[in-house]
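Please look over the sequence and the model before reading the points below.

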Amino acid sequence: MKLKHLVFAIPLFLAGAAYAQSPIVIKFSHVVADDTPKGKGAMKFKELAEKATNGKVKVEVYPNSTLYKDKEELDALQLGAVQMLAPSLAKFGPLGVKQFEAFDIPYIFPSREVLRRVTQGPVGKDLFKKLEPKGIVGLAYWDNGFKDMTANKPLHHPSDFRGLKMRIQSSKVLDAQFRALGANPQVMAFSEVYQALQTGVVDGTENTPSNIYTQKTHEVQSDMTVSEHGYIGYAVIVNKKFWEGLPADVRGQLEGAMKEATDYTNKIAEKENQDALEAIKKSGKTKVYVLTDAEKAEWRKALLPVRKEVEGRVGKEVLDAVDKESAAAGVK
Ligand code: LMR
């Protein structure tokens, strides 16, 4: 080969080698802290995916809304600016997939077992199918846990909520829930909640102990009520074009990693929340109150009409599956 050809050949050869070695990058954006069920699940997926693909895939996890806030992250996924997210099921309404909001209905799940049977059964798959026309593929359901209430006053009875401005996720069911309690719900991105509570833009909120603790909500709220009135869980989703464009062997390895990361997350979620509740109590920064059975019955009674009210919006599919699985588990 003449020298002048060699000069051209070398950079091309190097460029080819660099291309062959550059990994496929999955940007996994989420809004909570690393030290939560979702944060840990994302890190576990990174570890397993990179190992299973022998470094062909690199997973970059961006926690704490460092890349995008709630609504922005869904736009970014659809545009392909990020490849993977795990938004809470309460946040799919603005995409037009309202059926996920059924999971927000207060007291709808009598147990985790029933919840699991619904998400892992045909309904869980069917809900994922509804995402496909939006350019999204659903991969897994991840748990967080059951929600409690916080405010700057004790919340023992439904009437204690009257007139309070309560932050909610972007779910019409959560809107109906707080209206049923006589409160004024306000949709707000998760990353803005701490400051909104601190400055009094809103009076209170609801979340899982894990989210309350890691966001330091308990430091800006004088009272917390352990009510476990509703559920927060996630759909792990990917950009459809990206996912379907992956080499089949790589996609299979990632599916395996996701399955393992899902088992891990769903195994640790309950304990993570128990530990967070203990840590909140220990901090001494907020008064933690556990509802009595009689008070719980009052809350249930006040919140019962929500299901009827939102049935038309969320459809019967999830509700029927919950009823069926509850009956099968002998709890209703
Ligand atoms: C919230 O906005 O309160 C939660 O959905 C945050 C999360 O991702 O757990």
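The points that follow describe helix packing, pockets and cavities, in that order. The model is a predicted one. The largest pocket has a volume of about 420 Å³, and the largest cavity has a volume of about 80 Å³.

**Helix α2 against helix α10**

- The crossing of α2 past α10 is right-handed.
- On the α2 side, the contact is made by P37, K40, G41, K44, F45, L48, A49 and A52.
- On the α10 side, the partners are Q253, L254, A257, M258, E260, A261, Y264, T265, I268, A269, E272 and N273.
- By class, this contact between α2 and α10 comprises 12 nonpolar, 4 polar and 4 charged residues.

**Helix α6 against helix α11**

- In passing α11, α6 makes a right-handed crossing.
- From α6, the residues K172, V173, A176, Q177 and A180 take part in the contact.
- They meet A302, L303, V306, E309, V310, R313 and V314 of α11.
- The contact of α6 with α11 contains 8 nonpolar, 1 polar and 3 charged residues.

**Helix α4 against helix α12**

- The crossing of α4 past α12 is right-handed.
- V114, R117 and V118 of α4 are in contact with V318, A321, V322, E325, S326 and A328 of α12.
- The classes in the contact of α4 with α12 are 6 nonpolar, 1 polar and 2 charged residues.

**The largest pocket**

- The volume of the largest pocket is about 420 Å³.
- Its lining is formed by 17 residues, and those closest to the centre of the pocket are Q120, F128, L139, A140 and Y141.
- Elements that each supply at least two lining residues are α4 (112-120), α5 (122-129), β4 (136-146) and α10 (248-283).
- The largest share of this lining comes from α10, with 6 residues.
- The lining of the largest pocket divides into 5 nonpolar, 7 polar and 5 charged residues.

**The second largest pocket**

- The second largest pocket has a volume of about 300 Å³.
- Of the 17 residues that line the second largest pocket, Y107, F109, P110, E228 and R300 lie nearest its centre.
- By class, the lining of the second largest pocket has 9 nonpolar, 4 polar and 4 charged residues.

**Cavities**

- The model has 4 cavities of 30 Å³ or more.
- The largest cavity, with a volume of about 80 Å³, is lined by V31, V32, K38, S88, K91, R167, Q169, F190, N207, N211, I232 and Y234.
- In the lining of the largest cavity, 5 residues are nonpolar, 4 are polar and 3 are charged.
- The second largest cavity has a volume of about 60 Å³, and its lining is made up of F190, V193, Y194, T205, E206, N207, N211, I212, Q215 and T217.
- For the second largest cavity, α7 (193-199), β8 (204-207) and α8 (209-214) each contribute at least two lining residues.
- Strand β8 gives the most to the lining of the second largest cavity, with 3 residues.
- The lining of the second largest cavity has 4 nonpolar, 5 polar and 1 charged residues by class.

Note on methods: Residues are numbered from 1 along each chain as its sequence is written. This is a predicted model: local features need pLDDT of at least 70, side-chain atom pairs count only at pLDDT 80 or more; totals for chains, interfaces and linings use all residues. Side-chain values use heavy atoms; hydrogens and water are left out. On a 1 Å grid over the protein atoms alone, a cavity is a set of points where a 1.4 Å probe fits but cannot get out, and a pocket is an open set with protein on both sides within 12 Å along at least five of seven lines; lining residues have an atom within 4 Å of a point. Grid points are joined across faces, edges and corners, and a volume is the space filled by probe spheres set on the points. Ala, Val, Leu, Ile, Met, Phe, Trp, Tyr, Cys and Pro count as nonpolar, Asp, Glu, Lys and Arg as charged, and the others, Gly among them, as polar. Helices (H or I, at least four residues) and strands (E, at least two) are DSSP runs, numbered from the N terminus. A crossing is left-handed if the near helix is turned anticlockwise from the far one by less than a right angle, and right-handed if clockwise. Contact means heavy atoms within 4.5 Å.
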